[in-house]
Amino acid sequence: MTERTDLVMLGWTPDDEESFLEQTEAQIARVVIVHGGHAEVMSASGTENVTETVLFSSTLDTTPVAGDWVAVLQGTIVEVAPRRTSMARPDPGGNRTQVLAANIDLILVVVAADPIPSLNAIERMQVMAWDSGATPVLVLTKADQCSDLDEVLEHVAPVSSGLETIVTSITDGRGLSLLHDRVENLTTTMLGASGAGKTSLLNALHGTDAATAPVRRDGQGRHTTTTRRLFPMPWGGVMLDIPGIRSLALQAGQEGISDTFADISELSYHCRFSDCLHERTAGCAVAAAVADGRLSARRLDSWLAVQRELSFQERRRDPAAMAEQRKRWKQATKMSRKSR
Ligand SMILES: Nc1nc2c(ncn2[C@@H]2O[C@H](COP(=O)(O)OP(=O)(O)OP(=O)(O)O)[C@@H](O)[C@H]2O)c(=O)[nH]1
Ligand SMILES: [Mg+2]
Ligand SMILES: [Zn+2]
């Protein structure tokens with residue numbers, strides 16, 4: 001049986017499925033990276049991390065992704081633990097959901113402080129983060145390049161209320177120890193445009209350039225991340241480096257939206273109609289707030305754009321499938337206990 005103390009280094013939290021540890025013969029491991037039909041997984045024994053390449057059992061009904069907790073028997077993943085959180089986006093190749101990462105605690109919404117950041121982009125990343133079940137933290141990078149930080153903080157204030165904000169620079173080191181304390185022992189990933197400074201943050205926190213090795217250099221001599229890979233941090237916990245997202249296509253539910261646009265949700269209680277779409281409707285409290293300057297028109301436009309996009313996406317949150325997976329897991333653990 002795998003000891004829980006060994007897994008804590010890999011980001012195990014009390015919220016992860018306890019029954020997963022009752023697997024008798026199987027080794028519990030964490031998926032580091034997936035390459036098509038096989039994956040690299042990491043398991044811990046004492047203070048040593050062991051990485052091995054494993055295949056997928058044909059009986060799996062969940063395709064493992066980076067961050068998944070899995071049971072490994074004889075070089076094969078035989079079961080995937082129910083996901084505590086999962087970050088998803090619409091599959092770029094079709095109309096299904098693509099799960100990018102599983103069991104993430106914290107999502108750093110990474111934007112450079114210079115040039116002045118896009119508020120719409122911050123909002124969309126926040127929706128995606130809240131919707132995954134993880135907690136977003138806003139990280140403003142490259143503070144050393146910014147001549148007026150107060151101006152930037154004031155600029156982002158309308159989209160960052162209720163959001164912890166950390167200002168960093170890998171050049172002068174500011175914010176890094178704060179960020180270190182925040183991510184220690186957790187599973188963290190980053191959302192942000194290419195070049196925002198995600199890999200640089202990971203390297204700075206890791207204290208090496210570990211995360212630069214697997215990336216590609218683009219034409220401008222810049223390192224660009226091309227895969228999703230989990231890095232164990234020397235002080236406990238793991239960070240997942242991901243490529244910059246180009247189009248922030250959303251695969252979100254209303255929860256993520258109302259967490260992000262808490263001001264609009266609050267106002268909408270006062271709309272005359274409970275299904276008010278806040279589009280020039282009579283008795284709309286949101287439109288009234290825009291008219292008298294309590295809410296910016298940009299904020300409402302951004303909310304409308306997110307809503308419109310979601311009505312195109314099929315809502316694929318499927319609680320039935322989740323319950324089925326839990327049941328399968330319970331049965332599998334029961335069987336392995338009987339065969340002891
Ligand atoms: N001056 C300064 N430059 C930074 C800072 N952080 C990152 N950079 C630079 O910004 C560039 C892009 O950084 P990356 O860490 O590769 O960005 P990324 O978000 O991982 O980009 P993708 O992998 O393409 O998604 C690099 O040239 C870094 O050296 C910072 O705090 N200050
Ligand atoms: Mg990168
Ligand atoms: Zn309204």
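Trainee: Where does Asp68 sit in this one?
Mentor: In this predicted model, Asp68 is in the loop that runs between strand E3 (48–56) and strand E4 (69–73).

Trainee: Is Asp68 buried or exposed there?
Mentor: Buried, because its relative accessibility is 0%, and the cut-off for buried is under 20%.

Trainee: OK, and which side chain does Asp68 make a polar contact with?
Mentor: With Arg83: the side chains of Asp68 and Arg83 are joined by a polar contact of 2.7 Å.

Trainee: What else does Asp68 touch, leaving out residues up to four places away in sequence?
Mentor: Ala29, Arg30 and Val31 are on the list, along with Thr63, Val80 and Ala81. Arg83 shows up there too, and so do Ala102 and Asn103.

Trainee: Switching to the metals. Which protein donors does the magnesium ion (ligand 2) have?
Mentor: Thr199 and Thr225, each through OG1, lying 2.0 Å from the magnesium ion. Thr199 belongs to helix H5 (residues 198–206), while Thr225 is in the loop between strand E13 (223–224) and strand E14 (229–232), so the pair ties together parts 26 residues apart in sequence.

Trainee: And are those two buried or exposed?
Mentor: Thr199 counts as buried at 15% relative accessibility. Thr225 is buried as well, at 11%.

Trainee: What about ligand 1, which residues come nearest?
Mentor: There are 19 residues around ligand 1, and the nearest of them are Asp144, Ser194, Lys198, Ser200 and Thr225. Thr225 is also one of the magnesium donors.

Trainee: How far is the polar side-chain atom of Ser200 from an oxygen atom of ligand 1?
Mentor: That distance is 2.5 Å. Thr224 also has a polar side-chain atom facing this question, at 3.4 Å from an oxygen atom of ligand 1. With Gly195 the backbone is involved: an N or O atom there lies 2.9 Å from an oxygen atom of ligand 1.

Trainee: How much of ligand 1 does the protein bury?
Mentor: The protein buries 83% of the 650 Å² that ligand 1 exposes when taken alone.

Trainee: Are His278 and Cys284 buried or exposed?
Mentor: His278 is buried, with a relative accessible area of 5%. Cys284 counts as buried too, at 7% relative accessibility.

Trainee: I also noticed Glu25. Where is that?
Mentor: Glu25 is in the loop between helix H1 (4–8) and strand E1 (27–35). At 53% relative accessibility, Glu25 counts as exposed. Its C-alpha atom is 9.2 Å from that of Ala71, which is 46 residues away along the chain.

Trainee: Last one, the overall picture. How many helices and strands are there?
Mentor: The protein has 10 helices and 15 strands. It has 340 residues, and 48% of them count as buried.

Terms used
Residues are numbered from 1 along each chain as its sequence is written. Chains are lettered from A and ligands numbered from 1 in the order in which they are written. This is a predicted model: local features need pLDDT of at least 70, side-chain atom pairs count only at pLDDT 80 or more; totals for chains, interfaces and linings use all residues. Side-chain values use heavy atoms; hydrogens and water are left out. Helices (H or I, at least four residues) and strands (E, at least two) are DSSP runs, numbered from the N terminus. Buried means under 20% relative accessible area, exposed over 50%, partly exposed in between (1.4 Å probe, protein chains only). A polar contact is a pair of N or O atoms within 3.5 Å; within protein, one must be able to donate a hydrogen and the other to accept it, and residues adjacent in sequence count only if both atoms are side-chain atoms. Contact means heavy atoms within 4.5 Å. Donors are N, O and S atoms within 2.8 Å of the metal (3.2 Å for Na, K and Ca); water is not among the atoms, so sites may look incomplete. A residue is near a molecule or strand if one of its heavy atoms lies within 4 Å of it. Accessible areas come from the Shrake-Rupley method with a 1.4 Å probe; for residues, only the protein chains shown count as cover.
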